[in-house]
Amino acid sequence: MVTRSIRNFSRAITIARTLTRHGAGDVLVQMGVPKPVRAIMTVGAGGPPKDAPDRLGLQLSAAAQELGPSFIKFGQSLSTRPDVVGKEIAADLANLRDRLEPFSGATARQIIGEQLDRDVDEVFANFDDKPGAAATIAQGHF
(Lines give C-alpha, C1' and ligand atoms only; values in the text may rest on other atoms or scores of the structure.)
Protein backbone atom coordinates (compact mmCIF):
# COMPACT_ATOMS: atom_id res chain seq x y z
CA MET A 1 0.00 0.00 0.00
CA VAL A 2 2.78 2.45 0.90
CA THR A 3 4.72 1.48 -2.23
CA ARG A 4 1.69 2.16 -4.40
CA SER A 5 1.14 5.54 -2.73
CA ILE A 6 4.76 6.51 -3.32
CA ARG A 7 4.57 5.38 -6.95
CA ASN A 8 1.32 7.32 -7.48
CA PHE A 9 2.75 10.48 -5.92
CA SER A 10 5.90 10.11 -8.00
CA ARG A 11 3.76 9.84 -11.15
CA ALA A 12 1.74 12.90 -10.07
CA ILE A 13 5.00 14.85 -9.70
CA THR A 14 6.07 13.79 -13.20
CA ILE A 15 2.72 14.91 -14.61
CA ALA A 16 2.81 18.24 -12.76
CA ARG A 17 6.37 18.98 -13.88
CA THR A 18 5.58 18.07 -17.48
CA LEU A 19 2.49 20.29 -17.52
CA THR A 20 4.53 23.13 -16.02
CA ARG A 21 7.38 22.70 -18.51
CA HIS A 22 4.89 23.00 -21.36
CA GLY A 23 3.20 26.09 -19.91
CA ALA A 24 0.05 24.27 -18.80
CA GLY A 25 0.72 24.46 -15.06
CA ASP A 26 -2.45 26.51 -14.55
CA VAL A 27 -4.38 23.27 -15.02
CA LEU A 28 -3.14 22.30 -11.55
CA VAL A 29 -4.72 25.47 -10.16
CA GLN A 30 -7.99 24.73 -11.96
CA MET A 31 -7.93 21.20 -10.52
CA GLY A 32 -7.74 22.67 -7.03
CA VAL A 33 -4.25 21.44 -6.14
CA PRO A 34 -3.24 23.55 -3.12
CA LYS A 35 -0.41 26.04 -3.70
CA PRO A 36 2.07 24.37 -1.28
CA VAL A 37 1.52 21.00 -2.97
CA ARG A 38 1.92 22.58 -6.43
CA ALA A 39 5.17 24.17 -5.27
CA ILE A 40 6.54 20.83 -4.06
CA MET A 41 5.37 18.97 -7.16
CA THR A 42 6.90 21.42 -9.64
CA VAL A 43 10.28 22.07 -7.99
CA GLY A 44 12.92 21.97 -10.68
CA ALA A 45 10.41 21.84 -13.53
CA GLY A 46 11.54 25.11 -15.00
CA GLY A 47 9.23 27.07 -17.20
CA PRO A 48 8.05 26.62 -20.73
CA PRO A 49 10.53 27.29 -23.51
CA LYS A 50 10.40 30.73 -25.11
CA ASP A 51 8.90 29.26 -28.28
CA ALA A 52 6.17 27.37 -26.39
CA PRO A 53 2.67 27.86 -27.76
CA ASP A 54 0.55 30.39 -25.90
CA ARG A 55 -2.71 28.42 -26.14
CA LEU A 56 -3.62 25.95 -23.41
CA GLY A 57 -4.80 23.28 -25.86
CA LEU A 58 -1.45 23.25 -27.65
CA GLN A 59 0.40 23.18 -24.34
CA LEU A 60 -1.72 20.23 -23.18
CA SER A 61 -1.13 18.48 -26.49
CA ALA A 62 2.65 18.82 -26.15
CA ALA A 63 2.54 17.61 -22.54
CA ALA A 64 0.38 14.60 -23.50
CA GLN A 65 2.86 13.61 -26.20
CA GLU A 66 5.71 13.71 -23.70
CA LEU A 67 3.73 11.77 -21.08
CA GLY A 68 2.93 8.92 -23.44
CA PRO A 69 0.17 6.83 -25.00
CA SER A 70 -2.36 6.93 -22.14
CA PHE A 71 -2.25 10.72 -22.05
CA ILE A 72 -2.43 10.92 -25.82
CA LYS A 73 -5.55 8.74 -25.77
CA PHE A 74 -7.06 10.93 -23.06
CA GLY A 75 -6.30 14.05 -25.09
CA GLN A 76 -7.84 12.45 -28.17
CA SER A 77 -10.99 11.74 -26.18
CA LEU A 78 -11.15 15.31 -24.91
CA SER A 79 -10.68 16.61 -28.45
CA THR A 80 -14.08 15.19 -29.33
CA ARG A 81 -15.76 17.02 -26.43
CA PRO A 82 -15.79 20.75 -27.11
CA ASP A 83 -18.78 20.89 -24.78
CA VAL A 84 -16.45 19.89 -21.94
CA VAL A 85 -13.15 21.62 -22.77
CA GLY A 86 -14.24 24.38 -25.14
CA LYS A 87 -13.93 24.67 -28.91
CA GLU A 88 -10.39 26.07 -29.03
CA ILE A 89 -8.87 23.45 -26.70
CA ALA A 90 -10.73 20.64 -28.46
CA ALA A 91 -9.43 21.85 -31.82
CA ASP A 92 -5.87 22.07 -30.47
CA LEU A 93 -6.08 18.58 -28.98
CA ALA A 94 -7.27 17.22 -32.33
CA ASN A 95 -3.65 17.16 -33.48
CA LEU A 96 -3.24 14.18 -31.15
CA ARG A 97 -5.57 12.27 -33.47
CA ASP A 98 -3.93 12.89 -36.80
CA ARG A 99 -0.64 14.74 -36.49
CA LEU A 100 1.58 12.71 -34.16
CA GLU A 101 5.27 12.80 -34.95
CA PRO A 102 6.76 9.39 -35.73
CA PHE A 103 9.82 8.28 -33.83
CA SER A 104 13.04 7.32 -35.57
CA GLY A 105 13.75 4.01 -37.26
CA ALA A 106 16.64 3.51 -34.84
CA THR A 107 14.22 3.80 -31.91
CA ALA A 108 11.84 1.35 -33.59
CA ARG A 109 14.70 -1.11 -34.10
CA GLN A 110 15.71 -0.75 -30.45
CA ILE A 111 12.16 -1.34 -29.16
CA ILE A 112 11.60 -4.33 -31.43
CA GLY A 113 14.99 -5.78 -30.51
CA GLU A 114 14.29 -5.41 -26.78
CA GLN A 115 10.82 -6.91 -27.07
CA LEU A 116 11.91 -9.89 -29.19
CA ASP A 117 15.31 -10.24 -27.52
CA ARG A 118 16.83 -10.46 -31.01
CA ASP A 119 18.21 -8.07 -33.59
CA VAL A 120 15.61 -6.80 -36.07
CA ASP A 121 17.68 -8.07 -39.01
CA GLU A 122 17.54 -11.59 -37.53
CA VAL A 123 13.75 -11.50 -37.42
CA PHE A 124 12.82 -9.70 -40.65
CA ALA A 125 14.17 -10.18 -44.17
CA ASN A 126 13.64 -6.44 -44.76
CA PHE A 127 12.91 -3.57 -42.40
CA ASP A 128 12.26 -0.05 -43.65
CA ASP A 129 13.48 2.48 -41.09
CA LYS A 130 11.01 5.03 -42.43
CA PRO A 131 7.61 4.46 -40.78
CA GLY A 132 4.67 3.82 -43.08
CA ALA A 133 2.27 5.12 -40.45
CA ALA A 134 2.32 6.51 -36.91
CA ALA A 135 -0.50 6.27 -34.40
CA THR A 136 -1.13 6.72 -30.71
CA ILE A 137 0.45 3.59 -29.34
CA ALA A 138 2.43 2.26 -32.28
CA GLN A 139 3.84 2.96 -35.67
CA GLY A 140 4.08 0.68 -38.65
CA HIS A 141 7.15 -0.15 -40.68
CA PHE A 142 7.33 -2.08 -43.93
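The protein chain contains ten helices and two strands, and in this predicted model they follow one another along the sequence in the pattern α-α-α-α-α-α-α-α-α-α-β-β. The radius of gyration of the protein chain is 18 Å, well over the 14 Å that the globule rule gives for 142 residues, so the chain is more spread out than a compact globule. The points below take up the overall dimensions, then the salt bridges, and then several individual residues.

**Overall dimensions and surface**

- Along its principal axes, the C-alpha trace of the protein chain spans about 55 × 40 × 30 Å.
- Of the 142 residues in the protein chain, 28% are buried, a class that takes in residues with under 20% relative accessible area.
- When contacts between residues at least 6 apart in sequence are considered, 59% of them join residues that are at least 24 apart.
- The protein chain exposes about 9,400 Å², and carbon and sulfur atoms supply 56% of that area.
- A nonpolar patch on the surface is formed by Phe9, Val37 and Ile40, which together have about 260 Å² of accessible area.
- Within that patch, valine 37 belongs to helix H3, which covers residues 35-41, and valine 37 is partly exposed, with a relative accessible area of 33%.

**Salt bridges**

- Side chains of opposite charge can pair when their charged atoms come close.
- The structure holds six salt bridges, and those described here include the pairs formed by aspartate 83 with arginine 81, by aspartate 121 with arginine 109, and by arginine 118 with glutamate 122.
- Aspartate 83 and arginine 81 meet through their side chains at an N to O distance of 2.5 Å; aspartate 83 counts as exposed at 56% relative accessibility, whereas arginine 81 is partly exposed at 39%.
- In the salt bridge between arginine 118 and glutamate 122, the closest N and O atoms are 3.6 Å apart, which falls within the 4 Å limit for a salt bridge.
- Arginine 118 is partly exposed, with a relative accessible area of 44%, while glutamate 122 is exposed, with a relative accessible area of 52%.

**Arginine 109 and its partners**

- Arginine 109 lies in helix H9, made up of residues 105-116, and is partly exposed, with a relative accessible area of 24%.
- The side chains of arginine 109 and aspartate 121 form a salt bridge with an N to O distance of 3.3 Å. Because aspartate 121 lies in helix H10 (residues 120-123) and arginine 109 in helix H9, this pair ties together parts that are twelve residues apart in sequence.
- The side chain of arginine 109 also makes a polar contact of 2.6 Å with the side chain of aspartate 129, and Arg109, Asp121 and Asp129 are linked in a network of salt bridges.
- Apart from neighbours within four places in sequence, arginine 109 is in contact with Val120, Asp121, Phe127 and Asp129.
- Although arginine 109 and aspartate 119 are ten residues apart along the chain, their C-alpha atoms are separated by 7.8 Å.

**Serine 79 in helix H5**

- Serine 79 is part of helix H5, which covers residues 69-79, and at 7% relative accessibility serine 79 counts as buried.
- The side chains of serine 79 and arginine 97 are joined by a polar contact of 2.8 Å.

**Glutamine 139 in strand S2**

- Glutamine 139 is found in strand S2, which covers residues 139-141, and glutamine 139 is buried, with a relative accessible area of 14%.
- A polar atom of the glutamine 139 side chain lies 3.0 Å from the backbone nitrogen of phenylalanine 103, and the glutamine 139 side chain also makes a polar contact of 3.0 Å with the side chain of histidine 141.
- Not counting residues up to four places away in sequence, glutamine 139 touches Pro102, Phe103, Ser104, Pro131, Ala133 and Ala134.

Terms used. Residues numbered from 1 in each chain as written. Predicted model: local features only at pLDDT ≥ 70, side-chain atom pairs only at ≥ 80, totals over all residues. Heavy atoms only, no water. Helix = DSSP H or I, 4+ residues; strand = E, 2+ residues; numbered from the N terminus. Buried < 20%, exposed > 50% of the residue type's maximum accessible area, 1.4 Å probe, protein only. Polar contact = N/O pair within 3.5 Å; in protein donor to acceptor, adjacent residues only side chain to side chain. Patch = residues over 30% accessible without salt bridge, like charges linked within 9 Å, V, L, I, M, F, W, Y side chains within 5 Å. Areas by Shrake-Rupley, 256 points an atom, 1.4 Å probe, with all protein chains shown as cover. Rg over C-alpha atoms; globule rule 2.2 N^0.38 Å. Contact = heavy atoms within 4.5 Å.
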